[in-house]
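Colleague: Please show me the model, and then let us go through it by question and answer.

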Amino acid sequence: MSAVVSVSEDVLRRAPKVVLHDHLDGGVRPATVAELADRIGHTLPAQGADALADWFRDSADSGSLVRYLETFEHTVAVMQTTEGLRRIARESVLDLAADGVVYAESRYAPEQHLDGGLRLAQVVEAVNEGFREGEEQAAAAGTPIRVRALLTAMRHAANSAEIAELAVRYRDDGVAGFDIAGAEAGYPPTRHLAAFEYLRRENAHFTIHAGEAFGLKSIWEAIQWCGADRLGHGVRIMDDITIEGLPFAEWLPAAQARGVTSYDDVDLGSVYLGLLAAYVRDRRIPLEMCPSSNIQTGAAVSVGLHPITLLKRLRFRVTLNTDNRLMSGTTMTRETTLLTQEAGWDLADLRWVTVNAMKSAFLPFDQRLAIIEGTVKPGYAALGLA
Ligand SMILES: O=c1[nH]cnc2c1ncn2[C@H]1C[C@H](O)[C@@H](CO)O1
Ligand SMILES: [Zn+2]
């Protein structure tokens, strides 16, 4: 068991945080889902905000990414009008800001919001308006935050070229990049190679969900074929790492059987990186890691043994994220709390991971630096970190 680091939840909430991987349709307030569903006559699986919050978390706790994704039906259903999208975008900014997030990239798939007759551009503009309103209200409340959108294409569908063009069209208007998401097994990143090649010709940024429900081949294609700037999750990079002479997938159950609950006692001299893992580390490819989500989908066994802590020790460019606040019943403060309580992280680790995230953002470099120097570092200094 890792030493429990005592950092109060109030301090963790006030610590400046950066989230790069947060789905707009995975972070809707339960009360808003209930209210909007009622208005449009969409039947929900539970009644009332609390019961609904429990339903999302319990249903997403399935050990399977595919079943986890089924829960999105009920948030996407209430995101089919400009009013619904704008409200949800605004509330999501306010919730992130109140949680101490100072910079966020929020992603969603515009193609999933056309059922009510909206066009793709109207979806993007409604969300952008909500983000800008949220930023203004958060600043007025004394919790300033900057938010950019990432436009996601669904990997099982065939709209990636159009969504990539949309991301480029709105690059100067609130959209910082592109992503693909959805069920991973059976839908390799190279299926969308044309979209990624187009984005590279346009000097645009993109991340790819890879190495979550499928292994190394997905990560390898995302980086070496598609040219991803960052990896969504990337947790299965562990399949290219051996510990104490064993492949990680064999080391882990053996270690658990011995009662090991953290990576504290792992001798880094016994850890070997394969060529792909070394490439990811050496090229400083950011990993958007999401511990609670990974435990729910079966990609990790516990917070203490989530690979983020070993990869941190190995100096990979790891970042900490929520993925889906509603489905995981989480916040950035909760993710940081779990790491301090179950994986031995302290405030210096959290500052490091926050600076990592800010360095990896899809904002212009000067703006990234301004947030690191003007907000992140002073924020941790105010909490007593030298
Ligand atoms: O963790 C995830 N892996 C793959 N797809 C995901 C994950 N979280 C959310 N999604 C999907 C469901 C959403 O409807 C979509 C766009 O945000 O992205
Ligand atoms: Zn995700």
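**Sheet, helices and one site**

Colleague: Which strands does helix α6 lie across, and at about what angle does it run to β2?

Modeller: This is a predicted model, in which local features need pLDDT of at least 70 and side-chain atom pairs count only at pLDDT 80 or more, while totals for chains, interfaces and linings use all residues. Residues are numbered from 1 along each chain as its sequence is written, and chains are lettered from A and ligands numbered from 1 in the order in which they are written. Helices (H or I, at least four residues) and strands (E, at least two) are DSSP runs numbered from the N terminus; axes are lines fitted to C-alpha atoms, for helices over the stretch in contact (C-beta atoms, placed from the backbone, within 7 Å), and angles run from 0 to 180 degrees between N-to-C directions. Helix α6, residues 82–98, lies across β1, β2 and β3, and its angle to β2 is about 145 degrees.

Colleague: In what order do the strands of the open sheet stand, and which are at the edges?

Modeller: Two strands pair if DSSP finds at least two bridges between them. The open sheet has 4 strands with parallel pairing, in the order β1-β2-β3-β4. One side of β1 (17–23) and one side of β4 (175–181) lack a neighbour in the sheet, because each has a single partner strand; the edges are therefore β1 and β4.

Colleague: Over how many bridges do β2 and β3 pair?

Modeller: Strand β2 covers residues 101–108 and β3 covers residues 146–154. Ala-104 stands opposite Val-147 in β3. The two strands pair in the parallel sense, and the number of bridges is 6.

Colleague: Is His-23 buried or exposed?

Modeller: A residue is buried if 20 or more other C-beta atoms, placed from the backbone, lie within 10 Å of its own, exposed if 12 or fewer, and partly exposed in between. His-23 lies in strand β1. It has 25 C-beta neighbours inside 10 Å, so His-23 counts as buried.

Note on methods:
Two residues are in contact if their C-beta atoms, placed from the backbone, lie within 7 Å.
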